Amino acid sequence: MSPIIRVVSLWTRHPGWLFLALLLSLGALTAGVMLMGLSGHYLAVAIAGGVLIVPALLPWTGTARVLFRYGERIVGHEAIFRALADLRVWMFRGLARSAAGGLGLRRTGDALARLVNDVDVLDGLFLRIFVPLMGALLLLPMMFWTLEREHGLAVLVLVPFCFVAFWVPWRAARAAEDNAGKVGLAVAGLRTAALDALHGLREVKIFAAEGRMLAEVQAREAQLLAAQRELAGEGAKLSAMAFVAAQGGILLAIILGFFGLPIAAVAAVLVLTAAFEAVLGLPRAGLLYGQAKKAAARVVQAAETGPPVPEPVKPASMPSRNAIAFEHVSFRYAPDRPFVFEDLSVQLPEGSRTAILGPSGAGKSTIAALILKLIEPVSGQIRFGGTDVAQLPAEALRHRIAYLGQTTHLFADTIRNNLLLGDPKAVDEKLWAVLEAAQVADAIRALPEGLDSWLGEGGATLSGGQGRRLALARTLLMNAPVLLLDEPCAGLDAATEQEFFRVFNAATEGRTVLLILHRLTGVEHLDRIWRFTGRTLVAAAG
Amino acid sequence: MSKTTKPWIKSEQKLGFQAARLSLLFGAVGTMCGVLQAGAAARLLAALLHVQRAGLSAWVSALVFILAVLARAWIQLRNERGNFELGAAARRRLRGKVLSALLALGPAGLRGRHSAELAATAVDRVEAMEGFHARWVPATGLAVMGPAIIGLVALIADWRSGVILIIAGLFVPFAMAVAGIGAGIAAKKQFVAMTRLQVRFLDRIRGISTIVLSGRAEEEAQALGKAAGELRERTMRVLRVAFLSSTALDLAAATALVLIVIRFTPVLHGAHELAPTALFLVLLVPEFFAPLRGFAAVYGDRMAVEAVAEELAALPEAPAAVPAADIRAVAAHGVTLAFDQVTFGWNESRPVLDKLSFKVGRGEMLLLTGASGTGKSTIVDLILGFLEPRDGRITINGAAVDDLVPAARTRMVGWIGQKPVIFAGTIEDNIRFANPAAGGDEVKTAIRNAHLEELIASLPQGIKTPLGEGGFGVSGGQAQRIAIARAFLKDAPLLLLDEPTSHLDPAVERDILESLKHLAAGRTVILATHSTQAMDFAKTIGAKRVDLDALRYASWRGVMA
């Protein structure tokens with residue numbers, strides 16, 4: 001199934017709304033065409049000296065046109081808002097299923113943001129592409145019927161109509177599709193250049209590279225503009241062609257009038273004026289379609305990739321114990337990539353506190369991903385409470401393990417809602433208790449709205465250390481027997497880091513703890529320390 | 001909306017209309033061609049109905065029709081391309097301004113703001129201004145000029161029909177303002193609501209692994225659906241009113257047409273000379289309303305500006321250039337750096353540095369120690385010129401640093417921080433970043449001095465290996481070696497080391513310190529650190545020490561000499 005069809009099939013959950021929107025749109029179109037046709041007809045009859053009639057039908061058609069248009073807009077938006085919600089929920093569910101391992105542990109916020117942009121592009125699919133195209137499709141037989149009745153030759157004017165309504169938009173879609181990749185690449189290049197200049201601002205200033213960086217950004221910008229210019233130029237050309245074809249069609253109708261019925265010709269000219277007005281927007285819709293097609297492909301691909309680790313067919317029941325053991329585990333990300341580790345065995349007994357140390361990039365986070373079943377070992381087993389995790393359902397397993405990583409996200413929401421993610425049923429006293437344990441309660445009490453303070457854009461800003469401690473509070477609230485922390489203090493200064501671990505020691509007394517760090521601060525309470533060296537773990541002093 | 005936003009949009013608007021003058025002129029000519037075309041079509045139709053002799057005049061009309069169509073097509077083509085260039089020029093201007101301001105402000109000026117967000121401002125928010133300049137400005141200009149021209153022509157051709165058209169035309173903005181009460185506010189609300197949903201969705205997607213690993217995916221999916229449903233209900237309430245303004249446009253167009261037809265039908269009977277006029281005016285109706293429809297269609301582009309203007313308008317202005325007077329350079333052979341009673345604080349009441357004085361002689365090393373927050377990085381930033389002291393003087397070889405030509409000051413100082421930034425580019429690009437004009441031998445020496453030879457030899461593409469996003473991921477130690485190579489290549493007499501080893505594990509730290517020792521030889525060095533290994537290293541070199549913790553407790557008196 002093509003991605004676009006897959007996205008469109010999501011709409012079918014609200015067939016009534018969509019059908020009504022389409023019907024009203026068609027009604028509005030018909031009324032509009034009829035209004036012009038009748039005007040022409042009455043005028044022509046009057047001019048030709050025909051019987052004087054009071055054009056009573058005319059105001060009614062006008063009224064119908066206005067009302068249908070209003071209805072079309074309202075119902076169309078109602079329909080599209082429903083589809084829009086469905087699309088997002090579907091996308092979210094799909095990503096949640098497939099991407100936790102693929103995207104979760106790595107910092108791929110930008111990749112995700114790009115996907116969200118793609119979803120936004122798809123919002124225009126119904127109202128800006130589908131409805132006008134359906135209108136043109138339905139207008140075609142209607143016009144054929146009317147014109148054919150007048151004169152056989154009159155059908156000829158449908159040639160320019162089809163050209164404008166179908167051929168030009170199709171060309172535009174093709175052009176946009178070809179161009180979408182180019183523009184995407186250019187935008188990515190521009191973003192990288194801008195990010196480099198700003199992220200490396202210190203280096204830029206110190207090495208007096210302002211001019212160089214600005215020139216680089218401008219060069220990337222010129223590439224982007226060139227790619228966009230290409231499409232804009234093609235779009236302009238196609239639009240102009242469509243315009244000439246439409247006016248040519250009208251001229252053709254007039255000329256045909258000299259051979260056939262003059263009154264019908266006058267009406268036809270006005271009908272065509274209205275009909276072409278209805279389809280002249282389609283080349284632009286074609287451009288949009290070309291972009292939407294690419295976007296749909298990416299969105300569907302992201303949402304419909306299966307889970308990274310298959311769920312067991314017959315899941316074993318969750319063991320009562322919470323010890324974790326690696327037994328001869330080997331892992332690599334792909335057959336052509338080197339092993340991250342080979343034949344790794346390590347025991348994390350229940351209630352023990354362990355640290356795994358190693359330089360960044362050595363594969364420490366891979367251990368966390370394996371325990372959480374985001375990836376599976378190439379060989380060997382990981383046992384949780386004595387059972388191979390491959391036999392355990394991922395969600396039940398993750399409920400036993402509270403994970404706090406460097407990418408753990410604080411949401412743009414209230415502090416309360418951020419905490420409730422750990423335990424949706426927790427009452428306020430419990431929230432304050434974990435905030436106290438994480439030693440961030442005072443800072444939050446000092447905020448004017450307390451737990452209801454909004455975090456993130458336009459809200460309360462917590463310092464880096466406070467933010468990490470809030471994330472810790474949420475992790476503690478999960479009340480899971482195992483705590484798995486992967487560089488929880490990345491990006492914080494040493495004093496704040498020490499402070500965090502002091503708090504952490506006290507708050508996690510008695511639980512099974514695994515810390516994954518690149519170095520110790522010296523204040524962690526630990527039973528055993530392992531060091532990552534060359535694809536395996538060796539015991540370090542501790 | 002903040003106070004700066006409105007004037008900012010106003011000034012953008014003014015610039016936009018200035019730039020669009022040619023486009024608007026062509027637009028007006030296009031409208032006149034449209035009038036000509038309608039006239040020609042009316043004459044042709046009249047000829048068709050045998051009220052005029054189909055002779056020479058019909059041929060002339062057909063020719064005028066064709067020429068007018070071709071002219072309009074050309075103008076349309078020209079204007080679409082030209083309007084794209086308007087948008088492109090505006091984006092170039094805005095992006096240049098934004099980036100120049102950010103680059104001029106430097107890291108201290110942007111303190112507390114995330115670079116990714118600033119990059120989004122420079123890329124996406126500027127991109128969002130395209131619609132305003134490329135579409136909204138031309139469409140708005142035309143929405144005023146087009147109907148005015150056609151209304152005038154209609155008045156001349158048949159004053160009654162002209163009046164009908166003009167009243168209908170005036171009704172549109174009137175209805176937009178009154179009935180829509182509007183349309184403006186409503187659409188704005190809808191846009192804001194839509195933006196909120198998008199922000200929420202983006203936020204949840206960015207944090208999706210946190211949600212999944214907390215086992216809350218299904219709840220969040222339902223909450224998202226519910227939020228979208230609420231948004232729909234709220235928005236639809238608003239839209240029901242907002243769409244009345246579009247309906248007013250439809251109503252005006254339909255009424256004008258019907259009234260003109262009704263006005264002519266009775267009098268046409270037997271009055272053949274009126275026929276072309278009647279047809280002409282009927283054909284003018286769609287032409288009259290087309291620019292107004294065009295204007296309604298670009299409303300979203302105007303709204304998009306509201307969403308980004310706040311961020312763009314709030315960007316600080318680039319600081320004024322240093323006055324030309326009293327600027328001097330100092331000889332750069334060996335540097336003596338001194339702080340004389342320097343005070344600095346982010347706010348008046350809590351100074352980070354209070355009357356700090358010290359002096360580092362040529363080729364000496366100064367060790368700065370103290371817990372984080374005691375001002376180590378502040379001292380480094382003051383020397384780099386990213387911060388200005390509130391009080392006191394910083395001198396290099398006796399000359400106050402503010403008197404130095406900024407370029408000369410930059411040339412004199414080398415710096416290595418906690419985590420060097422690796423730019424998208426090859427290893428060579430990254431090292432040459434320090435000095436693009438450096439010769440091949442200089443780069444080679446820097447690589448050797450930084451002990452990067454082994455790494456480069458192990459890579460298949462060697463020095464041309466791409467780094468940065470999507471490229472080879474360097475470890476913390478390797479990145480620091482690149483920074484050291486940069487420092488060698490820059491060869492500045494004053495070297496600032498700000499926690500150069502705090503992100504490294506002990507074995508790598510020892511290695512890096514060894515390289516730094518080599519780099520430090522013959523230079524004046526300031527080393528800020530709290531690593532014991534680094535402190536030991538400084539002691540072996542015979543560094544002086546300023547302990548900021550001790551100073552803090554020692555009643556804030558500047559010591560050291």
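This is a predicted model: local features need pLDDT of at least 70, side-chain atom pairs count only at pLDDT 80 or more; totals for chains, interfaces and linings use all residues.
Student: How many residues of chain B are in contact with chain A?

Tutor: In this model, 108 residues of chain B are in contact with 111 residues of chain A.

Student: Which helix gives the most to the side of chain B that touches chain A?

Tutor: That's helix α9 (residues 217-268) of chain B, with 27 residues. As for the whole side of chain B that touches chain A, its residues split into 64 nonpolar, 28 polar and 16 charged.

Student: OK, how do I describe two packed helices?

Tutor: You give the angle between their axes and the distance between the axes. Take helix α2 (residues 15-47) of chain A and α9(B): they pack at about 15°, and their axes are 9 Å apart. Angles under 35 degrees count as roughly parallel, so α2(A) is roughly parallel to α9(B).

Student: Is the crossing of α2(A) and α9(B) left-handed or right-handed?

Tutor: Left-handed. From α2(A), the contact is made by Leu35(A), Ser39(A), Tyr42(A), Leu43(A), Ala46(A) and Ile47(A). Across from them, α9(B) brings Ala254(B), Leu257(B), Val261(B), Phe264(B), Thr265(B) and Leu268(B). Sorted by class, that contact has ten nonpolar, two polar and no charged residues.

Student: Now for another helix. How many residues of α10 of chain A are buried?

Tutor: Eight of its eight, so to read "buried" here, look for 20 or more other C-beta atoms within 10 Å of a residue's own. Helix α10 covers residues 364-371 of chain A, and its buried residues include Lys364(A) and Ile367(A).

Student: What comes just after α10(A)?

Tutor: Just after α10(A), Lys373(A) takes a positive phi of about 65°.

Key. Residues are numbered from 1 along each chain as its sequence is written. Chains are lettered from A and ligands numbered from 1 in the order in which they are written. Two residues are in contact if their C-beta atoms, placed from the backbone, lie within 7 Å. Helices (H or I, at least four residues) and strands (E, at least two) are DSSP runs, numbered from the N terminus. Ala, Val, Leu, Ile, Met, Phe, Trp, Tyr, Cys and Pro count as nonpolar, Asp, Glu, Lys and Arg as charged, and the others, Gly among them, as polar. Axes are lines fitted to C-alpha atoms, for helices over the stretch in contact, and angles run from 0 to 180 degrees between N-to-C directions. Angles under 35 degrees count as roughly parallel, over 145 as roughly antiparallel, 65 to 115 as roughly perpendicular and the rest as oblique. A crossing is left-handed if the near helix is turned anticlockwise from the far one by less than a right angle, and right-handed if clockwise. A residue is buried if 20 or more other C-beta atoms lie within 10 Å of its own, exposed if 12 or fewer, and partly exposed in between; C-beta atoms are placed from the backbone.
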